[in-house]
Amino acid sequence: PTISTSGTLSAVSTTYGTASTSPTSFLVSGGNLTGDLSVTPPAGFEVSTSSGSGYSGSLSLTASDGTVSSTTIYVRLSANAAAASYSGDIGISGGGATTQTVATASSTVAPKNLTITGLAGVNREYDASLNATLSGTAVYAGLENSESFSVAGIPVASFATKTVGTAKPITVIGYEAPSANYTVTQPTGLTADVTAKALTIASPSVTSRPY
């Protein structure tokens, strides 16, 4: 029994939560086999006999009369693969033959960027500071794989200047990504009004005078 492979795999890349869109591939065939062949990729990768669908963490090639005709095996990064670099050998085994391997090229899953939604600026009276206040509940937008996280970090909101103004832009820093699979963009587009502060005259005195 023999297993034959041909072709060299290229690097693939994607962003966390999305399978790589352009798979790489190699050919597998077998002769004088006593059973079916199994194709097993290393962690982070998945394989299929179709370039556009049917990917999984293992693949069975059915032998007919002891033969597996030349079959294209497509390889891509999984949508569930964590943000990291991946490499390793794809194993082709079974049918009583010596196991063969095909090396993957080092491939990368990049973190996905999230945004923060659910916030609004709060109008306030002039207080000679740059401090701004936010209302609402911060929520991560763009999470993948049915994940759910409470928003992390200690946000600080501020105006660029302390003067009175309408719809003054608010800058926010301090929100953090929920895991290494993500990055986060701080909230943008937030504004609020700074209104003039009403003053009073303290302890005025009145002096009596003749008509």
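The chain has an accessible surface of about 11,600 Å², and carbon and sulfur atoms hold 51% of it (Shrake-Rupley method, 1.4 Å probe). This is a predicted model, in which local features need pLDDT of at least 70 and side-chain atom pairs count only at pLDDT 80 or more, while totals for chains, interfaces and linings use all residues. Residues are numbered from 1 along each chain as its sequence is written, and side-chain values use heavy atoms, without hydrogens and water.

The chain has 16 strands and zero helices (DSSP runs, E of at least two residues for strands, H or I of at least four for helices). Of its 211 residues, 33% are buried (under 20% relative accessible area, 1.4 Å probe, protein chains only).

The largest nonpolar core has 41 residues, among which Phe26 and Ile92 touch the most other members (buried Ala, Val, Leu, Ile, Met, Phe, Trp, Tyr and Cys joined through side-chain atoms within 4.5 Å). Strand S7 contributes the most to this core, with four residues. Beyond four places in sequence, the contacts of Phe26 include Thr71, Ile73, Val75 and Ile92 (heavy atoms within 4.5 Å).

Four bridges join S5 to S7, and phenylalanine 45 has leucine 77 in S7 as its bridge partner.

| S7 | 68-77 |

Methods: Buried < 20%, exposed > 50% of the residue type's maximum accessible area, 1.4 Å probe, protein only. Pairing = 2+ DSSP bridges.
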